[in-house]
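Let's take a walk through this protein together. Have a look at the model first, and then we'll go through it piece by piece.

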Amino acid sequence: MTSAPHTLEGVSGSLETLQDLSLARGTLDRAGLRRRDPDLVALMLKDPLTRVLELAQGRAQVTDSDRGCLLVLRPPAEQDASRLAVFLGQDERGTAYLGVVGEAQDPANPSWRTLRQVGAVLSDRDAGLFATVQGLANWHAVHTHCPLCGSITEPDQAGWIRRCSRDGTEHYPRTDPAVIMAVTDDDDRLLLARSPHWPAGRLSVLAGFVEPGESLEAAVAREVFEEVGVVLQQVRYLGNQPWPFPSSLMVGFTGRAVGTALHLDDQEIAEAMWVSRAELADMVLTGRCDISPTVSIARRMIERWNGGPIGAVATP
Ligand SMILES: [Zn+2]
């Protein structure tokens, strides 16, 4: 095999997938078999070496240091015993990490921040911890009752299931697959669109939920046709990351449009347009367009198409 020359990441059709997506960097061993120990969380809460990540209404405490933004991981506290606690995993030294759901903090307190705010700047381990506890906490919050009989459910298996108090059925955390797609035309322009729920100027690539009985690729083609009337070919996988707002797994694809005519579903799409790299850079630099934040896979997909950060000189 000869060594390949540098390839432009922005060239559509490249089969390289997206690496190191902000929320797909977790490093801990989830040690799932340990969840079967019914005393696991109680024992960990008694061990001062256990590291506790407290989540309070979608915020975790962080500190800014010269090593970057760090999650505050503290020893167990007395009040944790009465809180929802979940075993998040262990590191290579055997240190156990628990997530606990605490009381709301003052949102004006700058040291308590959301995953959207800090997910892209945390370490690999911390980004994985925050994404996992956020997804689990969201699920617990809305699965308090059994879907079969309506009775109360209780957390079990170190927070990884809920069990019906009446019929004993086990209920598992939800992850809802959603597809997100960078659609380009024959001139390599990118399709951007705005949801009716977004403010003017905010644009992103199209996305939608996968339906029962549907493959990921079929969902990509269906969503694009439903939302903007464009037929796709060459649908290719690009990468994925959890998106616990509240419970998605975002699976990214590229697709090539057959034709450029747009027919919008006005309930889903307020506006849509094909943009060249120069046009997008101009829109961003002049403040006419606000693209998705760095923590999102959408932003990484747009930058991949662009060949680098928007508005900056692309480097090979
Ligand atoms: Zn039940």
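Keep in mind that this is a predicted model. Let's start with cysteine 146: its relative accessible area is 4%, and the cut-off for buried is under 20%, so it counts as buried. Cysteine 149 is partly exposed, because its relative accessibility is 28%.

What are the protein donors of the zinc ion? They're Cys146 (SG), Cys149 (SG), Cys164 (SG) and Asp167 (OD), and they lie 2.2 to 2.4 Å from the metal. Along the sequence, these donor residues follow the spacing C-x2-C-x14-C-x2-D. Now picture the angles: the four donor atoms around the zinc ion subtend 101 to 116°, so the arrangement is tetrahedral.

While we're on cysteines, how many disulfides are there? The count comes to zero. Cysteine 69, by the way, counts as buried because its relative accessibility is 7%.

Next, find helix H4, which covers residues 216-228. An α-helix has 3.6 residues a turn, so residues three or four places apart point the same way. The buried residues of H4 are Ala219, Val220, Arg222, Glu223, Val224, Glu227 and Val228. What do they pack against? Their partners are strands, among them E10 (176-184), E14 (231-243) and E15 (248-258).

Conventions
Residues numbered from 1 in each chain as written. Predicted model: local features only at pLDDT ≥ 70, side-chain atom pairs only at ≥ 80, totals over all residues. Heavy atoms only, no water. Helix = DSSP H or I, 4+ residues; strand = E, 2+ residues; numbered from the N terminus. Expected span 1.5 Å × (residues − 1). Buried < 20%, exposed > 50% of the residue type's maximum accessible area, 1.4 Å probe, protein only. Contact = heavy atoms within 4.5 Å. Donors = N, O, S within 2.8 Å, 3.2 Å for Na, K, Ca; no water. Tetrahedral: all angles 85-135°; square planar, octahedral: opposite > 155°, others 65-115°. Disulfide = S-S within 2.5 Å.
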